[in-house]
Amino acid sequence: LLCLCCRAASERLRYAIPEELARGSLVGPLARDLGLSPDQLPARKLQVASAGKKHLKYFTVNEENGNLYVSERLDREELCGESASCSVSFEALVHNPLNVFPVEVTIEDVNDNSPAFSRDALDLEIGEWSLPGARFPLEMAQDVDVGSNSQLTYQLTSNPSFSLALTENPGGVKQPELVLERALDREKKSSLELVLAAVDGGDPVRSGTVQIRVNVTDANDNSPVFSKRVYEARVAENLPAGSLVLLVRATDADAGSNGRISYSFGNVPVAIRQLFTVDSESGEVRTAGPLDFEDKSKYNFGLEARDGGGLTGHCHVQIDVTDENDNAPEITILSLSSPVPEDAPVGTVVALLKVRDRDSGENGQVSCELSGEAPLSIVASSGGSYKVVTASALDREQAGELRVTLVGRDRGRPALWSSRELVLEVSDVNDNAPVFEEDTYSAYVRENNAAGALVLRVQARDADAGANGRVSYWLAGGSAGAAGAAPLVSVEARSGAVYAQRSLDYEQCREFAVAVRAQDGGAPARSSTATVRVFVLDQNDNAPRVLWPTAASPAAPGAAAAAAAAPFEVVPRSAEAGYLVAKVVAVDADAGRNAWLSYELVQASEPALFRVGLHSGEVRTARAVSDRDAAKQRLVAVVKDHGQPALSATATLHVVLADSLQEALPELSERAAGADAPAELQFYLVLALALLSALFLLSLALALLARLRRA
């Protein structure tokens, strides 16, 4: 297939059609000649393209069958003028893969133009002294067709005095001449009228006529004669108007007005009169308008010399226009593949262009190159076409737009050049994973926070664009000891905000870590993870807990409850100041300052007898025990932490002043009995209140009943 494509790219497809075809006429099966089946047409996108935009309007390709059709009327004379050959060249463009094929359509001439004379009538002055056999050149007709359609023959109406002769000039064109068959006699007939018909060689033939009015005059028996039958000149294009091209000269042997010569154009097209002028007296041929080699390189026309007696002479002028390097190369972008995916392999064709220079020779030989820093290169193809391909890997994150300048140069002296900017967009592919701003995040949260409180916000950036750069966040796992990490926090998918799922407790979990995964929206998706370490800060939410002395158990009944109501210590009455009575032991589940404890004695039967250590909790005697001190002492100590606000707990200690345990037992029994008295008193008070209430209600009911009875 590669060999076939290479051969197709180098060979030019040629078609031939007659001019003046109707719109929609078939030119040829373009798709079939390119080797494309109907099933391939939608994918290959066959179309026509041309560096010369004016050629595109004449042809179109049917998208269904791939045939080439005429889209606008073709006039060969309008397109190519007098050129012997006429063709329209353009390119057939196919995609997937991208390639270009040169196509040439030859426009064949049809006989659609009749021969025409420049004037409706030709006036000839012929002296009666002219001898039989004298020849009088006549004006030639013009036929804008080419080939056999422009080959003219002439016919003259029958007249005994004249006949028609044809002579061939150096250009192969037949010149009609009127031949005098017998002498004229002005006295018998002073004028004659003839009809000259020009017939072309087409099928069917076309013709044109001109009337010849012959005026028989006296004694101008010499016609003007040019020094040459053919004048040749070579001039450069772009000559300024009024420049001298050549000088023609004719002589006339007659004298007086019969020998005075004036120069003029013969039967020439209007385009010749717009480009050249001839001085009627000097015979100087000068430029009247700009000459352009690219439009036409050769001009042929006839000049006429007429004397005062009406006799004429003719010559042929041939002017060759030489090329100048006056046209810069034209760069036409035939196809552009934009945007280009950034993962396109090296050598991918991104643009197809054509460089054309209307000049000829070295002036029309062109080259094209790229200017600018971009991973692109240019490769020459056939027929002046070039392909722009990727030279290295593309990266949208480094350059989302490729901007280069196409420069076309010719080989003229001096060389001319032109440029055109080529802009390509690079489309994104998902080749970058999200990147977190930090590998490890640290957050500090106070315990007892509200559920749903913001812990911190993580952020990852993805250099890709669109969905490939849209980042979502997920929890990928973590560790938080026995408590577990999953139920503690959650992450918002769009913003990356990490929220606490529930209230945190420093005493249960002091720190934990979770892994957050950032994932983009590409296919396949790319992701990365970061570690979030959450440190729980302690708050003073735990009051001190007294371990000793222990509080009384409310469930213990009777004497056992009295014995266990509160711990007691026996202090001998011989104890001195500083005697260690007991030690209050307390703990705080908080940490730091919130767990620093201080002790203070807030209530005592004898305040001056005991003291408690501020930090140790040791209860000691403040002085020596005396006999006046009561045997039973009750001490209440408060334990405070250093939190804000501070929390506290109380401890009650009973002290018995006795030298021995046997001595202290009666005191303990009385304390137990005394403990039951308040409860018994409370019972009797409640019972009395209930009886009084019942008597009041009964009296009220009896009074109401008696009042109703009287009524």
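This briefing covers a nonpolar core, an open sheet and the cysteines of the structure above. The model is predicted. Its largest nonpolar core has 27 residues, four strands form an open sheet of mixed pairing, and there is one disulfide.

**Nonpolar core**
- Within the largest nonpolar core, the residues that touch the most other members are F436, V455, L456, V458, Y473, F512 and V532.
- Two or more residues of this core come from each of strand 33 (440–446), strand 34 (454–457), strand 36 (471–479), strand 37 (489–491), strand 38 (497–500), strand 39 (511–520) and strand 40 (527–537).
- Beyond four places in sequence, the contacts of L456 are Y441, S442, A443, G496, A497, V498 and V532.

- Strand 3 pairs with strand 6 (residues 87–94) in the antiparallel sense, over three bridges.
- Opposite A49 stands E91, in strand 6.

**Cysteines**
- The disulfide joins C80 and C86, with the sulfur atoms 1.9 Å apart.
- This link of C80 and C86 is right-handed, with 65 degrees about the S-S bond.
- C80 is partly exposed because its relative accessible area is 23%, whereas C86 is buried at 2% relative accessibility.
- Two further cysteines also count as buried: C315 at 7% relative accessibility and C368 at 10%.

Terms used
Residues are numbered from 1 along each chain as its sequence is written. This is a predicted model: local features need pLDDT of at least 70, side-chain atom pairs count only at pLDDT 80 or more; totals for chains, interfaces and linings use all residues. Side-chain values use heavy atoms; hydrogens and water are left out. A nonpolar core is a set of buried Ala, Val, Leu, Ile, Met, Phe, Trp, Tyr and Cys residues joined through side-chain atoms within 4.5 Å. Buried means under 20% relative accessible area, exposed over 50%, partly exposed in between (1.4 Å probe, protein chains only). Contact means heavy atoms within 4.5 Å. Two strands pair if DSSP finds at least two bridges between them. A disulfide is a pair of cysteine sulfur atoms within 2.5 Å.
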